[in-house]
Amino acid sequence: MAFPDKLLADDEEVVAHLHPHGLTLSWPVVRFLVVVGAASYLAALVPAGRQQGVLRMALLAAVLVVLAVTVLRPVLRWRTTHYVVTTHRVLLRTGVLTRRGRDVALSRITDVSYRQTLWERIVRSGTITVESAGDSGPLVLTRVPDSDGVQAVLAQLVEDDAERGFELHGHGAAHGDRHVPTYEGATGDGYADTYDDGYADGYEDTVDDGHEDEDGWTRAVHRTTPLG
């Protein structure tokens, strides 16, 4: 099932849409076979007589309840767990009746790592941990198929997003008409810090009153010009 486009921004694209590894369903399959086999055996032991039909119906009802708890519920939980990586963020959606979700913007990700046990290396699965700025704690994605590949793709997306940030917010200039280079990094409070690399010496800073954007916000204009 494709991720709903209505949940994406206009310029956002889905890079990967995953469910937990398929082996997550191995135990529900085993339980199904055991429960059905045991139920068939018990049904055959019901003695013949007027109560045979009633007893077998009661057994069937009990079997259906057991299958719903031990088989259907895990399958639905697997089917409704979504790991989505887009060009803007990482999304987690879980839950059957009660839905839960969390989004982490690429610009706020500080580290992406993965962990695999020996068995997970064999079946190509693992746990991905996404560290981000803020107090929400890491985003942990368990039983991710091809976890090392997903981790590599996500790390590349974070790097590409950082490069786009430099292009949008960084200031470059030719020799003799150089502006103060700046880097705008997101902090935990959501604001940006500005860092100076020392080129400000010998330049004069001026601030105009600014102009009003289409969204109604007035922004000051900062200019740096050579002295002399």
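Biologist: What does buried mean here?
Modeller: A residue counts as buried when its relative accessible area is under 20%, as exposed when that area is over 50%, and as partly exposed in between. The model under discussion is a predicted one.

Biologist: Is Ile 128 buried or exposed, then?
Modeller: Ile 128 has 0% relative accessibility, and therefore counts as buried. Ile 128 belongs to strand β6, which covers residues 127-132.

Biologist: Which residues does Ile 128 touch?
Modeller: Setting aside residues up to four places away in sequence, Ile 128 touches Val 112, Ser 113, Tyr 114, Leu 139, Val 140, Leu 141, Val 144, Ser 147, Val 150 and Gln 151. For Ser 113, the C-alpha atom is separated from that of Ile 128 by 5.7 Å, although the two residues are 15 apart along the chain.

Biologist: And Ser 132, where is that one found?
Modeller: Ser 132 is found in strand β6. Ser 132 is buried because its relative accessible area is 16%. Not counting residues up to four places away in sequence, Ser 132 touches Arg 102, Val 104, Arg 108, Ile 109, Thr 110 and Gly 137.

Biologist: What is Ile 109 in contact with?
Modeller: Apart from neighbours within four places in sequence, Ile 109 is in contact with Val 90, Val 104, Val 130, Glu 131, Ser 132, Leu 154 and Val 158.

Biologist: Which residues touch the most other members of the largest nonpolar core?
Modeller: They are Ile 109, Leu 141 and Leu 154, in a core of 17 residues. Two or more residues of this core come from each of β2, β3, β5 (109-115), β6, β7 (139-141) and α4. Helix α4 gives the largest share, four residues. A second, separate core has five residues, including Val 35, Ala 39, Val 63 and Val 71.

Biologist: Why would such residues gather at all?
Modeller: In soluble globular proteins, nonpolar side chains tend to be buried together.

Biologist: Changing topic: how many salt bridges does the structure hold?
Modeller: The structure holds five salt bridges. In one of them, the side chains of Arg 89 and Glu 12 meet at 2.7 Å, N to O. Arg 89 lies in strand β3 (residues 89-94) and Glu 12 in the segment before β1 (14-18), so this pair ties together parts that are 77 residues apart in sequence.

Biologist: Are those two side chains' residues buried or exposed?
Modeller: Arg 89 counts as buried because its relative accessibility is 17%. Glu 12 is also buried, with a relative accessible area of 6%.

Biologist: What about Arg 164, which residue does its side chain meet?
Modeller: Arg 164 meets Asp 161 in a salt bridge of 3.4 Å, N to O. Both residues lie in helix α4 (residues 147-169), three residues apart, about one turn of the helix. Arg 164 counts as partly exposed at 38% relative accessibility, whereas Asp 161 is buried at 18%.

Biologist: How many bridges join β2 and β3?
Modeller: Strand β2 (residues 82-86) pairs with β3 over four bridges, in the antiparallel sense. His 82 stands opposite Arg 93 in β3.

Biologist: And for the chain overall, how many helices and strands are there?
Modeller: The chain has four helices and eleven strands. Of its 228 residues, 25% count as buried. The accessible surface comes to about 15400 Å², and 57% of it belongs to carbon and sulfur atoms.

Key:
Residues are numbered from 1 along each chain as its sequence is written. This is a predicted model: local features need pLDDT of at least 70, side-chain atom pairs count only at pLDDT 80 or more; totals for chains, interfaces and linings use all residues. Side-chain values use heavy atoms; hydrogens and water are left out. Buried means under 20% relative accessible area, exposed over 50%, partly exposed in between (1.4 Å probe, protein chains only). Contact means heavy atoms within 4.5 Å. A salt bridge is a side-chain nitrogen of Lys or Arg within 4 Å of a carboxyl oxygen of Asp or Glu. Two strands pair if DSSP finds at least two bridges between them. A nonpolar core is a set of buried Ala, Val, Leu, Ile, Met, Phe, Trp, Tyr and Cys residues joined through side-chain atoms within 4.5 Å. Accessible areas come from the Shrake-Rupley method with a 1.4 Å probe; for residues, only the protein chains shown count as cover.
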